[in-house]
Each structure stands twice: as structure tokens, then as C-alpha cells.
Amino acid sequence: MQKGKGMKFVGDSRIKVGPKQTIPKDYSEYPGRTEPFWPNFLLKEWLVGAVFLIGFLCLVAAHPSPLEIKADPNTSGYIPLPDWYFLFLYELLKYEFAAAEYVVIGTIGIPGLAFGALLLAPFLDSKPGRRPTQRPIAVILMLLAVVSVFWLTYESASAVNWEERAEYSVSNMTEVEVDKDHAGYEVYANNCMSCHGDSLQGVPGMAPDLVDLPYDAAAIKDIAQNGIGEMPADMFTGSDEELNQLADFIMTASGGEAAEGEGEGSDSEDSSEGEDSAE
Amino acid sequence: MLNKIYDWIDERLDVTPIWRDIADHEVPEHVNPAHHFSAFVYCFGGLTFFVVVIQILSGMFLTMYYVPDIENAWESVRYLQTEVAHGQIVRGMHHWGASVVIVMIFLHTLRVFFQGAYKKPRELNWVVGVLLFFVILGLGFTGYLLPWDNKAFFATQVGLEIAESVPFIGTEIKTLLAGDPTIVGAQTLTRFFAIHVFFLPAVLFGLLAAHFIMIRRQGISGPL
């Protein structure tokens, strides 16, 4: 077949002069049992794809994709974490020779060199021999690169406190329906909201949620005034009446009102008997 | 009926050679796992493409609900995840697919490298493949911001600082990506959305086409 510049066309068309070649060369140069791609091989490939898809969907079903709380630039103490496949580049920046004034080495230098070499591999390793034993330098460099990527990823991932990070996850957030008309809500908003969140849900790294507390109203009042654990004293500033409202608000919001609505329904059948006299 | 429609079209447009070009080729024994099980390593490229197709389809459905602005982005993702029928599965496929595609492309790259399949005459196809790798990493980076949760926000901030550390043109690159030299905010989100959904996929399709056309022209590399 004629290739390149000398190719002749019919008139001004894109149709090549000469015998039409629509069927590519077969693979008879490779010894052994070849198989037509369509339809024989495609059917087998389809099976591999189906098995792969089942495995993939199992992963999807077993692990719902994560979502953290809405982005808040003011979150203090949040440690940034890239997606796992960038961890090795991220870890690189923790080494002295690739940080601070040398950070360009870590951000551009080393990755640029490595990925540049990957891009140009066919031209750097240009001898015709294809077997790994015929090109030891390329193979050893690649093995070193793979090992260091795995090592850096492992180092980076093992330094992460995953439990602490899970606190920011939406699925670990406490959902509370807050009665904003309650008299104590305003007291709460003025005294507690900045640390415990706008609906008692707590703020990761700052203060816990205020749901299902193991305290009674008196204890809550005491904590509000005198603090507990890391919570300092005198967080509450207000009158005694407001303190009562606050304690009541927190108690009701955390589920102290479950005692209603029992004892109904059991004797409704008897009562309806004698009342068919509507006519 | 279908045959007649096909014949009617074929008579006018001569479409047979187009798909025959794709369909009619022999698969050599050494890449066929039915003959040698170890040939499963040749599946990695096809599976990478398979996951890319999953990403495209699931991503198309995600944009039906996703709102690229800082007020609503997180809310829309949360709504999708908790309220929309099968929303959790579609987002899950896109989320996990992003990781699986990296794994598959990594395995595919290693297979081609250690077999020396990039050697003459296939140098250009290797270069296009590595560019595809970069584009997919770019898609991963830009997609990470879109849910607009804390993780996304702070990781993107670091990513942009890294872009800023490029000598001479660092600030320009950062401004181009983030829409502002200092703020990571509303502009950043819309730009990342545009890059993730329009720019990079366009590049991806072009490179994929080049990758596949080259494979068809050159055939798969022979056994070692």
C-alpha cells in the first residue's frame, strides 16, 4: 500500500486510487490460534466486563461515598488531605529537601522529572530489545519509582488520624430537630451556639453535640455555669430565669418528651357498638 | 426490516467499511486469556476504558442534580445522596470509579512498560497514553472540589498553593484555575466545574480517539 505524500486520490476526493483496503492485515505473522475479534472475542471480553462490573457494584453498594460537613474556611485545625492517589506527591513535600525554600523541588522538580521521564520513556529507552532483561536500567528505574510511590503513599496514609477525620463526616453528624420557638432557644443562641452549633449538633474539634445527654436539668445548669472537661466556666451569662429556660430547651430537644401518646387504641372497639342510631 | 434500513443507508453512505475497519481483525493467541490465563494483563486497558465509560455516564446523571455554586453545591450533593432514588448508587459509582480508573490505568501502564510495548513503532501511542494519564489525574483533582465539603475545600487550597509554587508563572496558573490570586471561593468552584465537565472531557475524548485509532492501525504488540 502506498503511504504518505505520494498517495494518489481519485479527482479531488479523499478516495484513494488503487485497490480498496478495508480489511486490516491479519495476524498470521503471530503463530498460534488467532480468533476473530467480532464476534467471538468480543463475547468473551463482554464476560470479563460483566464480572468486573459486578465486583465494582459490590464495592459501591458496600461503601456509600463519603461526604464531610459543608466547606467552612473558618474551621480551625483542619488538616488538608488530598485524594489517596495524590498522597505520594503530598508526602514528598514533608521531606526537608523538598519543603520550605526548596518546595519547588517537591512540587515541580521531582514530579516533573519523574512524569517527564514517563512521558518520554520510548525515546529514553530506544533500543529495539523489548524483554525486561534487555533493558535493565529502564526496568530498575521503573521498579524504584513504583516502590517509592507505594512507600510514600503508605507513609502518608499511616500518619493520618482517620478516626479524627471521621468526626467531620456527615454520616457521623447528629441530626436534631430544634424547636426555634422555644423560649430557651434564644438563650442558647446567645450563650452556647458558637461552640455547640446552631442545632445542638456540636462542632468537630470544638465541642460535642448536646443530644441524649446523661444529665438532668440541674446538672446542665451547673455545667453551663461552671464548665466541664475542656469547657471553661462562666460560658453562660444571664439571669436565673434564662438559665431555667436554657436547661428546659436542652432537655426537650434531646428527647425528654417521649412520654406522650401511650395508652390509646386498646378500647376503641367497645365504645362504637351502641352508636349506630344516626337515622 | 432492519436489514432493509441498513441496506438503504449503506447504498448511499457506504458505511460498511467504517465498522468493518473496527470489527474485522484477528485477536492473536498471546493476548487471549482463553488460551493463556496470564494474558489477563491485556485486559487492563480495556477495563480502564470501561471505567471511563462508567464515569461519563454516571457523571452525566450527576449533573442533573448538581448545582455548581457555593451556596447550593454541598446541599445538592447531600440531597442527591439522601433523597434522590438511586442517587447514592450513582454518586457512589462516580466516586469509586474515580479511584478504580486510577488503579486500572496504573496497571495498564505497568503492563505496557514492562513488556516494552512502547518501542518502535508505538512511541506516539505511549505518549498519548501518558497524556491520558495526566488528564485523568486532572479530572480527579478538579472533581475532588465539587462536593464543596471541608475535605474538598482544604485539599484544593493546598493544590492551588502547589500550582502557585511554579516558578515565574505560578500566580498566573493559580489565578487561571481559581479565578482569583488569593480567594478559593465561588469562582473557583465554577471554574473547576467547567474544567471537570467540559474542558478535560473534551481533551480526554480527543486523546482516547487518537489512542484507539493508533492501536487499530498498528495492531497489538507481538509476544515477547
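## Report on a predicted two-chain model

B:Leu80 is located in helix H4 of chain B. The model that contains this residue is a predicted one. B:Leu80 has a relative accessibility of 7% and therefore counts as buried, since the limit for that class is under 20%. Leaving aside residues up to four places away in sequence, B:Leu80 is in contact with B:Leu62, B:Tyr65, B:Gly87, B:Gln88 and B:Arg91. The C-alpha atom of B:Leu80 is separated by 44 Å from that of B:Glu123, a residue 43 positions away along the chain.

### Chain B

Chain B is built from nine helices and one strand. In sequence order these elements follow the pattern α-α-β-α-α-α-α-α-α-α. The C-alpha trace of chain B extends over about 55 × 50 × 35 Å along its principal axes. Of the 224 residues in this chain, 50% count as buried. Among the contacts in chain B with a separation of 6 or more, 65% are between residues 24 or more positions apart.

UniProt, in an unreviewed entry, lists residues 5-224 of chain B under "domain: Cytochrome b/b6 N-terminal region profile".

A second residue of chain B, B:Thr188, belongs to helix H9. B:Thr188 is buried, with a relative accessible area of 0%. The side chain of B:Thr188 comes to 2.9 Å from the backbone nitrogen of B:Gly185. Beyond the residues up to four places away in sequence, B:Thr188 touches B:Leu145, B:Leu160, B:Leu177, B:Ala178 and B:Ile183.

### Chain A

Chain A has eleven helices and one strand. Read from the N terminus, the order of elements in chain A is β-α-α-α-α-α-α-α-α-α-α-α. Buried residues account for 29% of the 279 residues of chain A. In chain A, residues 24 or more positions apart provide 48% of the contacts with a separation of 6 or more.

Chain A is divided into domain 1, residues 84-168, and domain 2, residues 176-264. The C-alpha centres of these two domains of chain A are 51 Å apart. The unreviewed UniProt entry annotates residues 46-64, 102-124 and 136-154 of chain A as "transmembrane region". Residues 102-124 of chain A are 91% helix and 0% strand, with end C-alpha atoms 28 Å apart. Residues 136-154 of chain A are 100% helix and 0% strand, and their end C-alpha atoms lie 27 Å apart.

A:His196 is part of helix H8 of chain A, which covers residues 193-196. With a relative accessibility of 10%, A:His196 counts as buried. Apart from residues up to four places away in sequence, the contacts of A:His196 are A:Tyr188, A:Gln201, A:Gly202, A:Val203, A:Ala207, A:Pro208, A:Leu210 and A:Met231.

| Residue | Helix | Relative accessibility |
|---|---|---|
| B:Leu80 | H4 of chain B | 7% |
| B:Thr188 | H9 of chain B | 0% |
| A:His196 | H8 of chain A | 10% |

### The interface of chain B and chain A

The size of an interface is often expressed as the accessible area lost when the parts come together. Chain B and chain A bury about 7300 Å² between them, and 68% of this area is on carbon and sulfur atoms. B:Glu26, B:Lys119 and B:Asn150 supply 9% of the area that chain B buries against chain A, more than any other three residues. The contact involves 86 residues from chain B and 77 residues from chain A.

Three salt bridges are found across the interface of chain B and chain A. In one salt bridge, the side chain of B:Lys119 meets that of A:Asp125, with an N to O distance of 3.1 Å. The interface of chain B and chain A also holds 30 residue pairs in polar contact, both residues being at pLDDT 80 or more.

Several elements of chain B each supply at least two residues of the side that touches chain A, including strand E1 (26-27), helix H3 (43-62), helix H6 (123-145) and helix H9 (186-218). Helix H5 of chain B gives the most to this side, with 19 residues.

Key:
Residues are numbered from 1 along each chain as its sequence is written. Chains are lettered from A and ligands numbered from 1 in the order in which they are written. This is a predicted model: local features need pLDDT of at least 70, side-chain atom pairs count only at pLDDT 80 or more; totals for chains, interfaces and linings use all residues. Side-chain values use heavy atoms; hydrogens and water are left out. UniProt positions are given in the numbering used here, feature names are shortened, and annotations may be inferred rather than shown by experiment. Domain bounds come from an automatic or database domain assignment. Helices (H or I, at least four residues) and strands (E, at least two) are DSSP runs, numbered from the N terminus. Buried means under 20% relative accessible area, exposed over 50%, partly exposed in between (1.4 Å probe, protein chains only). Contact means heavy atoms within 4.5 Å. Buried area is the accessible area (1.4 Å probe) that two parts lose on being put together, summed over both. A salt bridge is a side-chain nitrogen of Lys or Arg within 4 Å of a carboxyl oxygen of Asp or Glu. A polar contact is a pair of N or O atoms within 3.5 Å; within protein, one must be able to donate a hydrogen and the other to accept it, and residues adjacent in sequence count only if both atoms are side-chain atoms.
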